[in-house]
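Q: Hi! Could you walk me through this one while I have it open?

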Amino acid sequence: MIALRLVVLALGVALGVFYPFIPVILASRGFGPAEIGLVASVGAVGFTLAVPAWGHIADVRLGRARTLQVCAVGGAAAVGILLGSWPPIIIALALMVYWVFESSWQPLADALTVNLVDRRSYARVRLLTSLSFALSSIGAGFVYDRAGFDAAYVLAVVAALAIALAAGRVPDIERADLERSLPVGGPQGLRSPVASDVARPSRRPRPSLGSAGVALRVAPRLGLVLVAVTLINITIISGFTFLPLRLGDLGSPPSDVALSAGVSGLAEIPAMLLAAQVARWIGLRGMFVTSALIYGAATASWILIETPGLIIATRLVTGVAFAWVLVCVVLTIARLLPSELQATGQALYQTFGFGVGAIVANIVGGLLYEGIGHAAVFGLGAILAALAAAMGWIVFPRDARTRMAAA
């Protein structure tokens with residue numbers, strides 16, 4: 001458990017010192033809003049294609065811990081390239097390679113976590129990522145005010161290598177046998193914890209689309225859950241990408257961008273501590289719907305607010321909403337799929353939520369921001385959050401029952 005906690009702590013640092021600053025790093029290197037959106041969108045295409053592949057490799061081939069080690073080292077190498085003075089195309093390509101490897105970090109850490117701890121304890125472990133993300137991003141912002149963004153690359157490389165070292169000591173469960181996933185008469189080789197969520201074919205199907213295809217066949221409801229997740233994540237990623245640019249338009253330094261990300265991360269901590277209780281009170285469905293509506297309301301407020309301090313204050317609210325969306329989706333996947341397919345399930349969440357969602361958010365958002373302005377970006381985000389809430393009410397499970405981790 002110590003090694004697992006080191007993984008989730010290092011993950012928060014690796015993301016906190018680099019990810020919130022990517023838009024302003026690109027702006028400092030001469031990229032405009034539409035170009036930033038294009039780079040992020042092309043990177044999201046690589047992210048989208050890579051995540052299910054990493055999930056399959058982790059569940060079926062290398063194991064979850066070993067795959068995380070490979071991807072942490074690959075991400076560190078890509079960030080290290082940015083230390084040089086390169087033309088824009090090389091910078092964009094390095095970031096795309098980074099996103100391909102980084103796409104695996106969170107789903108593999110989540111898969112290791114839900115397989116090693118009681119499902120009700122997931123949020124208490126995951127909050128360590130939020131804590132380290134918040135503190136590292138706030139501290140890094142003040143460092144970058146003085147030292148510039150070269151320091152970001154060094155810190156990100158060190159933290160990614162720390163993930164790789166810690167992951168080597170995390171225990172893992174056995175790999176999935178896809179041929180036995182859906183035997184005749186029902187899924188006995190890989191048993192889903194909730195019978196009502198399981199497809200029961202009359203004959204053994206041939207596995208298609210690798211472990212992702214098996215996961216979607218084992219839990220048909222999962223596909224609809226992923227659609228709702230994609231809608232809310234378009235809103236979330238629009239804020240990730242374009243709120244830093246909005247703060248820059250208002251004259252904010254890097255430390256304000258860091259505070260915006262850090263305040264949100266700090267708010268995630270008490271939200272995650274309360275997540276299990278909230279899920280018991282209102283269920284996973286109620287938790288998702290409430291979170292989507294809260295995020296949508298905060299996003300709508302960015303249309304009108306022109307004071308950086310007030311924008312940063314709203315990030316307290318979005319931090320709570322983001323934490324509850326994350327916990328709700330991870331626990332829903334943990335409920336729908338067996339332990340052997342958790343890396344695949346969590347990878348599908350990242351694929352649709354942070355892959356497909358990022359492609360749409362960054363391409364459309366970049367064009368809207370440059371052509372119309374911030375109000376169009378955040379207005380669309382508020383509408384999509386409301387649609388996500390409506391769909392979530394239909395497709396998410398009502399209660400918070402989850403199964404225990406495999407021994």
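**Salt bridges and a helix**

Q: How many salt bridges does the count come to?
A: The count comes to two salt bridges. Keep in mind that this is a predicted model.

Q: Okay, which residue does R64 pair with at 2.9 Å?
A: That partner is D59, and 2.9 Å is the separation of the closest N and O atoms.

Q: Is R64 buried or exposed?
A: R64 is buried, with a relative accessible area of 0%. D59 is also at 0% relative accessibility and counts as buried.

Q: And what does R64 form with D172?
A: A salt bridge, with the closest N and O atoms 3.0 Å apart. R64 sits in helix α4 while D172 is in the loop between α8 and α9, so this pair ties together parts that are 108 residues apart in sequence.

Q: How accessible is D172?
A: D172 is partly exposed, at 32% relative accessible area.

Q: Which residues end up linked in a network, then?
A: Salt bridges link D59, R64 and D172 into a network.

Q: Switching topic: how many residues does helix α8 have?
A: Helix α8 has 18, covering residues 150-167. From first C-alpha to last, α8 reaches 27 Å, close to the 26 Å expected.

Q: Which residues of α8 are buried?
A: Quite a list: A151, A152, Y153, A156, V157, A159, A160, I163, A164, A166 and A167.

Q: Nice, and what do those buried residues pack against?
A: The buried residues of α8 pack against α1, α2, α4, α6 and α7. Among these is α4, the helix in which R64 lies.

Notes: Residues are numbered from 1 along each chain as its sequence is written. This is a predicted model: local features need pLDDT of at least 70, side-chain atom pairs count only at pLDDT 80 or more; totals for chains, interfaces and linings use all residues. Side-chain values use heavy atoms; hydrogens and water are left out. Helices (H or I, at least four residues) and strands (E, at least two) are DSSP runs, numbered from the N terminus. The expected span of a helix is 1.5 Å times one less than its number of residues. Buried means under 20% relative accessible area, exposed over 50%, partly exposed in between (1.4 Å probe, protein chains only). Contact means heavy atoms within 4.5 Å. A salt bridge is a side-chain nitrogen of Lys or Arg within 4 Å of a carboxyl oxygen of Asp or Glu.
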